Amino acid sequence: MLWTPDAPPDGGMFSAGEIVEVEGRPGEWELMKPGPGPGVWTVESARLKDRVSAKVSVSSLQRLADAPHIRRGDLVMQRYPEQERAAVVGAVVRLGQWVAVKSYTLPDGGVCQALDSVDRLEVVTAEQLAAAIRLDVVHGTHVGRIVQAVVTARAGQFRVVCRCAPGAGEICRNGCKVTWCPSLDSAHQLWDWHVSGHAVGSVA
């Protein structure tokens with residue numbers, strides 16, 4: 001379930017999940033929720049363990065020059081076009097670099113948590129994930145997939161893979177890997193060509 005912040009008490013200058021400095025307090029702080037009372041934020045120390053909570057005035061908040069672009073509650077994917085799994089961001093902390101604690105649900109219903117560099121993550125929406133095409137394709141001994149990219153400049157394009165191909169499974173045509181197809185039709189055409197017996201080999 002995605003985290004929905006309350007309305008800010010400062011006309012929108014700051015928002016829940018943002019990491020800031022607080023005048024007179026060491027370290028970095030995450031804005032958790034507005035109040036109690038006008039002009040006040042409840043904050044927590046932005047660290048993995050032993051987080052403490054405090055009430056601070058809006059006037060004491062200072063933005064960070066290198067504030068992370070993601071925050072608690074964001075739905076994110078690693079910034080690689082092949083990625084299919086999304087995760088929900090929990091805490092965001094600085095461990096030499098900005099790192100997100102993210103969690104995702106496993107096929108058996110369990111929940112897995114992992115740390116990931118914020119620089120490798122891109123915010124997505126549930127609608128983007130739901131709209132992305134994921135097709136299992138089978139023909140004789142060929143078992144493959146057609147998968148639509150969600151993030152990076154490849155977003156909207158299609159990747160075709162087959163288990164008979166070594167390495168990542170990309171199909172090879174005319175001596176070159178055909179990694180991405182511009183449309184679903186062209187992806188189906190590549191798959192049909194691959195299983196028709198015209199394929200002459202694959203590369204890792």
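The following legends describe close-up views of a predicted model.

Local features are reported at pLDDT of at least 70 and side-chain atom pairs at pLDDT 80 or more, while totals for chains, interfaces and linings use all residues. Residues are numbered from 1 along each chain as its sequence is written, and side-chain values use heavy atoms, with hydrogens and water left out.

View A. The largest pocket has a volume of about 170 Å³. A pocket is an open set of points on a 1 Å grid over the protein atoms alone, where a 1.4 Å probe fits, with protein on both sides within 12 Å along at least five of seven lines; lining residues have an atom within 4 Å of a point. Volume is the space filled by probe spheres set on the points, which are joined across faces, edges and corners. Of the 10 lining residues, Ala 86, Val 88, Ser 103, Tyr 104 and Thr 105 are the closest to the centre of this pocket. Two elements, β7 (87-95) and β8 (97-105), each give two or more residues to the lining; β8 gives the most, with three. By class, the lining holds seven nonpolar residues (Ala, Val, Leu, Ile, Met, Phe, Trp, Tyr, Cys or Pro), one charged residue (Asp, Glu, Lys or Arg) and two polar residues (the others, Gly among them).

**View B. Strand β3 and its two partners.** Strands are DSSP runs of E with at least two residues, numbered from the N terminus, and two strands pair if DSSP finds at least two bridges between them. Strand β3 (residues 40-45) pairs with β2 (residues 25-34) in the antiparallel sense over five bridges. The pairing of β3 with β4 (residues 53-57) is likewise antiparallel, over five bridges. Val 43 in β3 is the bridge partner of Leu 31, and Ser 57 in β4 is that of Val 40.

**View C. The β2–β3 hairpin loop.** Five residues lie between the strands of this hairpin, where Gly 35 takes a positive phi near 85°. A cis peptide bond, with omega about 5°, joins Gly 35 to Pro 36, and Pro 36 is placed in the loop between β2 and β3.

View D. Most residues other than glycine have a negative phi. Asp 50, in the loop between β3 and β4, has a positive phi near 55°. Asp 50 counts as exposed (over 50%) because its relative accessibility is 65%. Thr 152 has a positive phi of about 70° and is placed in the loop between β12 (142-148) and β13 (158-162).

Notes:
Helices (H or I, at least four residues) and strands (E, at least two) are DSSP runs, numbered from the N terminus. Buried means under 20% relative accessible area, exposed over 50%, partly exposed in between (1.4 Å probe, protein chains only).
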